Amino acid sequence: MTLICADCELAVPRLQRDHYEPRYLHGHTDKDQSYCPVCDRPENLWYLCGTCHDRKSWFENRDAHMGNRNPLGYRHTDEARERMRQANLGRRHTSEAREKNRLAALEQWRRLKGG
Ligand SMILES: [Zn+2]
Ligand SMILES: [Zn+2]
């Protein structure tokens with residue numbers, strides 16, 4: 001079965017569940033895996049490939065240590081995204097909600113880069 005990463009949209013054999021808005025923003029620690037009705041609400045869950053999940057986790061760990069409340073610094077560079085788009089051409093699934101998330105995140109990323 002082929003699955004599509006919600007971020008890079010590559011087709012991958014396995015996806016990892018991730019919290020779009022990271023749990024640390026609500027005071028959870030890494031070791032706290034208990035169910036939370038706020039963080040685990042369906043709208044806050046999306047499914048990423050291993051690469052995107054690792055990347056997002058890395059930024060979130062860094063942001064958590066810096067006390068950064070703006071958690072979307074993990075976004076891909078434009079070039080990387082374009083490469084992935086080319087690689088995955090014809091397999092794109094569109095979703096209005098995902099597109100909205102993407103644009104908001106991209107906007108944040110641009111701001112983070114100071115551009
Ligand atoms: Zn991905
Ligand atoms: Zn929570």
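Leaving aside residues up to four places away in sequence, which residues does cysteine 52 touch?

1. **Before you start.** This is a predicted model, in which local features need pLDDT of at least 70, side-chain atom pairs count only at pLDDT 80 or more, and totals for chains, interfaces and linings use all residues. Residues are numbered from 1 along each chain as its sequence is written, while chains are lettered from A and ligands numbered from 1 in the order in which they are written.

2. **The opening question.** Cysteine 52 touches Cys5, Asp7 and Cys8, once residues up to four places away in sequence are set aside. Touching, or contact, is when the C-beta atoms of two residues, placed from the backbone, lie within 7 Å.

3. **The core.** Cys52 also belongs to the largest nonpolar core, whose 6 residues are Cys5, Ala6, Cys8, Leu48, Cys49 and Cys52. A nonpolar core is a set of buried Ala, Val, Leu, Ile, Met, Phe, Trp, Tyr and Cys residues joined through C-beta atoms within 7 Å. A residue is buried if 20 or more other C-beta atoms lie within 10 Å of its own, exposed if 12 or fewer, and partly exposed in between, with C-beta atoms placed from the backbone. In soluble globular proteins, nonpolar side chains tend to be buried together. Across the protein, 15% of the 115 residues are buried.

4. **The overall layout.** The protein has 3 helices and 4 strands, and their order along the sequence is β-β-β-β-α-α-α. Helices (H or I, at least four residues) and strands (E, at least two) are DSSP runs, numbered from the N terminus. Of the contacts with a separation of 6 or more, 71% join residues 24 or more positions apart.

5. **Helix H1.** Residues 50–66 form H1, a helix of 17 residues that reaches 24 Å from its first C-alpha to its last, close to the 24 Å expected at 1.5 Å a residue. That expected span is 1.5 Å times one less than the number of residues. Cys52, Lys56 and Glu60 are buried in H1. Seen down the axis of H1, its buried residues fall within an arc of 60°, so they line one face of the helix; the arc is that of the directions from the helix axis to the C-beta atoms. An α-helix has 3.6 residues a turn, so residues three or four places apart point the same way. E3 and E4 are among the elements covering the buried residues of H1. On the face turned away from the buried side sit the exposed residues Trp58, Arg62 and His65. Just after H1, glycine 67 has a positive phi of about 70°.

6. **The loop between E3 and E4.** Threonine 29 lies in the loop between strand E3 (16–19) and strand E4 (45–48). Threonine 29 counts as exposed because it has 9 C-beta neighbours inside 10 Å. Asparagine 44 is also in the loop between E3 and E4, and it counts as partly exposed, with 15 C-beta neighbours inside 10 Å. Beyond its neighbours within four places in sequence, asparagine 44 contacts His19, Tyr20, Glu21 and Cys39. The C-alpha atoms of asparagine 44 and histidine 19 are 5.6 Å apart, although 25 residues separate them in sequence.

7. **One more loop to visit.** Glutamate 9 is in the loop between strand E1 (3–4) and strand E2 (11–12). Its phi is near 70°, a positive value in a residue other than glycine. With 21 C-beta neighbours inside 10 Å, glutamate 9 counts as buried.
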